[in-house]
Amino acid sequence: MKHLEPDLPVLAVRHQSLTVVKVLGYPLSIFFIVVNEFCERFSYYGMRAVLVLYFKYFLKWDDDLATSIYHAFVALCYLTPILGAIVADSWLGKFKTIIYLSIVYAIGQIVMAVSAIHDITDTDRNGTPDNMVFHVALSMIGLFLIAVGTGGIKPCVSAFGGDQFDASQVGQRSTFFSVFYLCINAGSLLSTIITPILRAQDCGIHSSQKCYPLAFGVPAALMVVALVVFILGSGMYYKAEPQGNIMLDVCKCIGFAIKNRFKHRSKRYPKRQHWMDWAEGKYDKLLIAQIKMVLKVLFLYIPLPMFWTLFDQKGSRWTLQATTMDGNFGALVVQPDQMQTVNPILILTLVPLMDSVIYPLIKKCGLNFTPLKRMTVGMFLAAMAFVCAALVQIEIDKTLPTFPSGSESQLKLLNMGSNSLTVRLPGGPVELAAAQASENYFTFEEGEMEVSAGNLSAPRYFNLTREKRQTLLIPSDINKEWSEDITTKPEQGNNAVRFVNGMKFLFSDHFQHTNNSCEYTTEFGFGSSYTFLIQSSFTFGSDCGAAITVVEDIQPNSVHMALLIPQYFLITAGEVVFSVTGLEFSYSQAPSNMKAVLQAGWLFTVAIGNFIVLIVAEVAQIPEQWAEFVLFAALLVAVCVIFSIMAHFYTYIDPKEIEAQFQKKDDEDNKDFKDQHEKSEPGMVKRLSNERHAKETKL
């Protein structure tokens, strides 16, 4: 499920000169807003789906750097909504803010698409950019513009849609928000399916590579469409004027209370019941009471970033984990970045299941499953998801090859002759059948290798290369024939293949005047490496494949991607229980005019959670990925315990009741004020009463 945009208070008052066109009882303007939201969400999540693979395979960053920059970008996307809300409410208004920042957004997407065109700097046309700094700089500029754009419009679009309804359209407004959030998940689901398919294609001007320009270009085009559609509805929108931002008032009030408390820190000043009470000299008591309620909820937010630390890694670490797995589902081959589609698919299933089955069943069992208890369970489920991820990673590690370290070399033997032979190595003799290779690589720390084979009267000496894998090709008379092997597992599910000619002549020389052919078929997995030895006995014909020996140097990915489904299920179930419940709880515990403040605080926890991933990836430098997963799971379990203790001591409140008490007290004060002065100075009472009313209205 995607993070929900804030439902800011909507204005029911309409400008008299605006003619509202309605279709089926709904303002026509909202159809432009809904289409705009679908296209924008497609653009954002489509780009983000392939982002970490773009870092790893196009920019050639390692896993830690790719993860760090990915989460820095996501964090920025959840910091900028605060700025966007302030700009919209205090300066430009929602409409202009959406227009201006959507332009910035679209430019950022276009810049990202351009940054992925390798032909721009590929002067030698070998498929690899020659000036990687240019591509990195362009991509960072593009991501910054996207973060400013998507974050800036996030708090504006849904609220702007709500502004289009008048006071009599409460039902239509509720339906609009349901459709609005459906568009968010629909755009996410479709883009996460489509953009990985586009990325997997080969494209290029002079040489072909994975088509990241198309994978970024389609989201860029959708963002341009979103902007155009939104502008087309301009004449139909109700555009509320900026009314000021409550967050600024809250910050000023808190700042004044802290400053005043610091000034009166001496013991000769009487203590206040709450430190916010030091703002009473300047700010209204109702505002102070409302801020106290908000601070009480924000205090509970302190442990929440750790949940987002784990949750948002499904787009980084989990995607990288999927690249080392088998995505063959029979008729369907799933790309690693397409596994993220499991999340929105499960969301569409689990949300109604929780609301209509699970929660009512728990209630019937007599259990008091409060919102804070639900959130605690959500954290625990996310921690268990990472335990599952660690178990899957352990299974993956068992299938990964062990490459030589900086002080080691590895050697494989390949008998190219038609007779079996015995090869004597420093570790002992090795029996090799005709046209066969040793089963595994031999690891040596020595730089020089003494090898003897067959009936050789004297051994041969070879120099091994540190940190390299090499294959010693042994023909009928041993000599220095080497083949250097790859020392990394083939990436992106590709397979490395090489051919060794065991015949005594070149194919091109011997068969250039013949039309003979040999058909040989074999199936590859994902991420494997093979050596094909064409034996000396090779002849063309229907059974030519019998004279071809296949040597597996690196085994294909054998752990199936289906094993990722349990961890996706747990993290999604945790999200439903944690995120949806958390938003509902926050709104129920906050005053009506402070919901935007809490939404800003909620988004801030998402940003902090992504910064934690960045810190762990860059600072901790944990060598084993499964150990990092266990670390995150343990941290969230610890935070879960702390949060459960905080929740135990939390007292639920009714903000409306508290606000009503203050309103009643104000009414009583006004009545007493009038009773005390109406007999003595009627004229002055009237004047002072008007001034008091004006002051209260301003507050």
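Predicted model: local features only at pLDDT ≥ 70, side-chain atom pairs only at ≥ 80, totals over all residues.
User: What makes methionine 306 count as buried?

Analyst: Its relative accessibility is 9%, and buried means under 20% relative accessible area (exposed is over 50%, partly exposed in between, with a 1.4 Å probe and protein chains only). So methionine 306 counts as buried.

User: Which residues does methionine 306 touch, leaving out those up to four places away in sequence?

Analyst: Ile612, Leu635, Leu636 and Val639, where contact means heavy atoms within 4.5 Å. Alanine 638 is 332 residues away from methionine 306 in sequence, with 9.9 Å between their C-alphas.

User: How much of the whole chain is buried, and how many helices and strands does it have?

Analyst: Of its 699 residues, 48% count as buried, and the chain has 20 helices and 15 strands. Take the contacts between residues at least 6 apart in sequence: 76% of them join residues at least 24 apart.

User: Why is H9 called roughly perpendicular to H17?

Analyst: Helix H9 (residues 246–263) packs on helix H17 (residues 595–620) at about 80°, with 8 Å between the axes. The axes are lines fitted to C-alpha atoms, for helices over the stretch in contact, and angles run from 0 to 180 degrees between N-to-C directions. Under 35 degrees is roughly parallel, over 145 roughly antiparallel, 65 to 115 roughly perpendicular, and the rest oblique. That makes H9 roughly perpendicular to H17.

User: What do H9 and H17 bring to their contact, by residue and by class?

Analyst: Ile246, Met247 and Val250 of H9 meet Ala596, Val597 and Ala600 of H17. The classes come out as six nonpolar, no polar and no charged residues. Ala, Val, Leu, Ile, Met, Phe, Trp, Tyr, Cys and Pro count as nonpolar, Asp, Glu, Lys and Arg as charged, and the others, Gly among them, as polar.

User: Why are H7 and H8 described as roughly antiparallel?

Analyst: Helix H7 (residues 170–200) and helix H8 (residues 212–232) pack at about 150°, their axes 6 Å apart. H7 and H8 are therefore roughly antiparallel to each other. Thr195, Leu198 and Arg199 of H7 make the contact with Tyr212, Leu214, Ala215, Val218 and Pro219 of H8. That set has six nonpolar, one polar and one charged residues.

User: And what makes H4 and H6 oblique?

Analyst: The axes of helix H4 (residues 80–92) and helix H6 (residues 132–162) cross at roughly 55° and come within 7 Å. H4 and H6 are therefore oblique to each other. Their contact includes Thr80, Gly84 and Ala88 of H4 as well as Ala147, Gly151 and Lys154 of H6. By class, its residues divide into seven nonpolar, four polar and one charged.

User: How do you know whether threonine 80 is buried or exposed?

Analyst: Threonine 80, found in H4, has a relative accessible area of 10%, so it is buried. Leaving out residues up to four places away in sequence, threonine 80 touches Ala147, Val148, Gly151 and Gly152. Its side chain also reaches the backbone oxygen of alanine 147 at 2.9 Å.

How values were computed. Residues numbered from 1 in each chain as written. Heavy atoms only, no water. Helix = DSSP H or I, 4+ residues; strand = E, 2+ residues; numbered from the N terminus. Polar contact = N/O pair within 3.5 Å; in protein donor to acceptor, adjacent residues only side chain to side chain.
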